[in-house]
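I set out to record the strand arrangement and the disulfides of one protein model. My entries follow the order in which I looked things up.

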Amino acid sequence: MKLFLTCALLLCAALHLSQSQCMEGLASMEISADGQYMVPTHCTDPFDSTPYPIGAEWRTGDCMECLCEGGGFRCCPVEVTRPERVPEDCVLLFDEERCGFKAFNINNPSESCPL
C-alpha cells in the first residue's frame, strides 16, 4: 500500500512539473570595438532566433509566451483548455495562431460555432 501511495504521489508531482515547464536563458553579452562589455540590449528567441528588445513580450509559434528582461528571457507554455461542451453539429479544431480551440459547423466549415 505504501508503494502504491508513493508511486501515485510521484506521478502527480511529475504531471504538475511537466505542465509548467518554462525555459529561461541569458541575454547575449556584447563587446564594443574597444573590448568593453556592453549591457545587453536584446534577447534572442530560442525557437527562431528573432531578436527582441529588453521589455518585449511575444508569443512563439509553439504557443509559448516569452518576456525579455534585462538579464535574459523567460518562455512559458500558454495554458490551453479544451472546451467541455461542443455542439453536436460542430467540429473542434486547434488554432495554432491563437493557441486555442475553435469550433466550426460540420456542414458549413465557414460558419463558426459558439463555445
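The entries below treat the basis of the model, then the sheet, then the disulfides.

**Basis.** I worked from a predicted model, in which local features need pLDDT of at least 70 and side-chain atom pairs count only at pLDDT 80 or more, while totals for chains, interfaces and linings use all residues. Residues are numbered from 1 along each chain as its sequence is written, and side-chain values use heavy atoms, with hydrogens and water left out.

**Sheet.** I took helices (H or I, at least four residues) and strands (E, at least two) as DSSP runs, numbered from the N terminus. I counted two strands as paired if DSSP finds at least two bridges between them. On that basis I found an open sheet of four strands, ordered β1-β8-β7-β6, with antiparallel pairing. At its edges I noted β1 (23–26) and β6 (57–59), each of which pairs on one side only. Neighbouring strands of this sheet are turned against each other by 15 degrees on average, direction ignored; the axes are lines fitted to C-alpha atoms, for helices over the stretch in contact, and angles run from 0 to 180 degrees between N-to-C directions.

β6 is joined to β7 (residues 64–69) by three bridges, and the two strands run antiparallel. Trp 58 has Cys 66 in β7 as its bridge partner.

With the bonded cysteines of the protein chain numbered in sequence order, I recorded the pairing 1-7, 2-5, 3-9, 4-6, 8-10.

For burial I used relative accessible area: buried is under 20%, exposed over 50%, and partly exposed in between (1.4 Å probe, protein chains only).

*Cys 22 and Cys 76.* Their sulfur atoms are 2.0 Å apart, and the link is right-handed, with 115 degrees about the S-S bond. Cys 22 lies in the loop between α1 (2–19) and β1, and Cys 76 in strand β8 (residues 72–77), so the pair ties together parts 54 residues apart in sequence. Cys 22 is partly exposed at 32%.

*Cys 66 and Cys 75.* The S to S distance is 2.1 Å, and this link is right-handed with 115 degrees about the S-S bond. I found Cys 66 buried at 4% relative accessibility and Cys 75 buried at 0%.

*Cys 90 and Cys 113.* The sulfur atoms lie 1.9 Å apart. The torsion about the S-S bond is about -90 degrees, so this disulfide is left-handed. It links distant parts of the chain, 23 residues apart: Cys 90 in strand β9 (residues 90–95) and Cys 113 in the segment after β10 (100–105). I noted both Cys 90 and Cys 113 as buried.

Key. A disulfide is a pair of cysteine sulfur atoms within 2.5 Å.
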